[in-house]
Amino acid sequence: MAVFEYEFMQRAFWAGGLIGVIAPILGVYLMLRRQVLMADTLSHVSLAGVALGSVMNLDPVICGFVIAIIGALLVEQLRRNYLTYSEVPVAIIMTSGLALAVVLMSLKTNLSKTFSSYLFGSIVAVSDMQLWIMAAVCVIGLIFFIVLRRLLYNLTFDEETASIGGIQVKSLSFAFAVLTGMTVASAMPIVGVLLVSALIVLPAALALRLSRSFAAAILIAIVTGLIGIFSGLTTSYHLNTPPGGTIALILLVFLLIGISAQKLIGRYNRKRHRKEIKQQRATLFIHSRENTTHEIQ
């Protein structure tokens, strides 16, 4: 394919494949833990890190990565201080990160083009270093989810029971928060700050809607994420559209198609079930009449 003739497209597809594996898995856990807005929050925090790196003449990618991890730890710590109001820590960190990013961006006037790629994603924005970071995050994430799958499963569905059962809930939650920050920061070059949560949440939303088991949800989320990313990158290349928005729209279409198909199948099954019940009742009625006639005779 002509798309793969260019080195930057090869890097983009490698990056998309790596993020497309780990981000949907993370999305399933975030949705089940009711922390879907955490991805949005950390993307804004990561943007503040990128701005800080640019102002201080440091590597923006590394700064954004580090600040995203720090933001994830702060969210988790605040979540423990606001157990009844779990949305408060997200609002605090999100607004703080966005405010800091806006202030830092105003200190340097030549950041408009650079920040445009961070906001909306860019096919040519993926550097070799970012690709290696994504590969490291993908490997670390897979090891994390495979080795700790049983502990994470218990933590996700019932944190109190997991604590009673001897699981180090606090340490595991902080480790999960760090992985979330790493994933969000590494996904930014592909989909951008504004739409990074779409890559994490939309495949998971479709998977949880269609699947009947946790393992099936993980598999469906990964497949959906990979197809959405690859088709989005290809479409973005040919139409010269922002990859982040293109990927998000394709994933949204997948979600809408999945929900519609599920409703149609459910409606068809209900009609079929009602038809079978009517047939059974008719058969029973005929048999009862035959028996009654036979008894009279």
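Student: How many disulfides does the structure hold?

Tutor: This is a predicted model, and the structure holds 0 disulfides. A disulfide would require a pair of cysteine sulfur atoms within 2.5 Å.

Student: Why is C138 called buried?

Tutor: The relative accessibility of C138 is 6%. Buried means under 20% relative accessible area, so C138 counts as buried at 6%.

Student: What makes C63 buried or exposed?

Tutor: The relative accessible area of C63 is 14%. The cut-off for buried is under 20%, and therefore C63 is buried.

Student: Why is S173 called buried?

Tutor: S173, which lies in helix 9, has a relative accessible area of 0%. Because buried means under 20%, S173 is buried.

Student: Which residues does S173 touch, not counting residues up to four places away in sequence?

Tutor: With that exclusion, S173 touches R33, E76, R79, R80 and L155. Contact here requires heavy atoms within 4.5 Å.

Student: How many cavities of 30 Å³ or more are there?

Tutor: The count comes to 1 cavity of 30 Å³ or more. The largest cavity has a volume of about 90 Å³.

Student: Which elements give two or more residues to the lining of the largest cavity?

Tutor: They are helix 2 (37-55), helix 3 (60-81), helix 6 (128-147) and helix 9 (169-191). Helix 9 provides the largest share, 4 residues.

Student: What makes residues of this lining nonpolar, polar or charged?

Tutor: Among the lining residues are V50, F65 and G64. Val and Phe count as nonpolar, whereas Gly is among the polar residues. The lining of the largest cavity divides into 8 nonpolar, 4 polar and no charged residues.

Note on methods. Residues numbered from 1 in each chain as written. Predicted model: local features only at pLDDT ≥ 70, side-chain atom pairs only at ≥ 80, totals over all residues. Heavy atoms only, no water. 1 Å grid on protein atoms, 1.4 Å probe; cavity = no way out; pocket = protein on both sides within 12 Å on 5 of 7 lines; lining within 4 Å. Points joined across faces, edges and corners; volume = space filled by probe spheres on them. Buried < 20%, exposed > 50% of the residue type's maximum accessible area, 1.4 Å probe, protein only.
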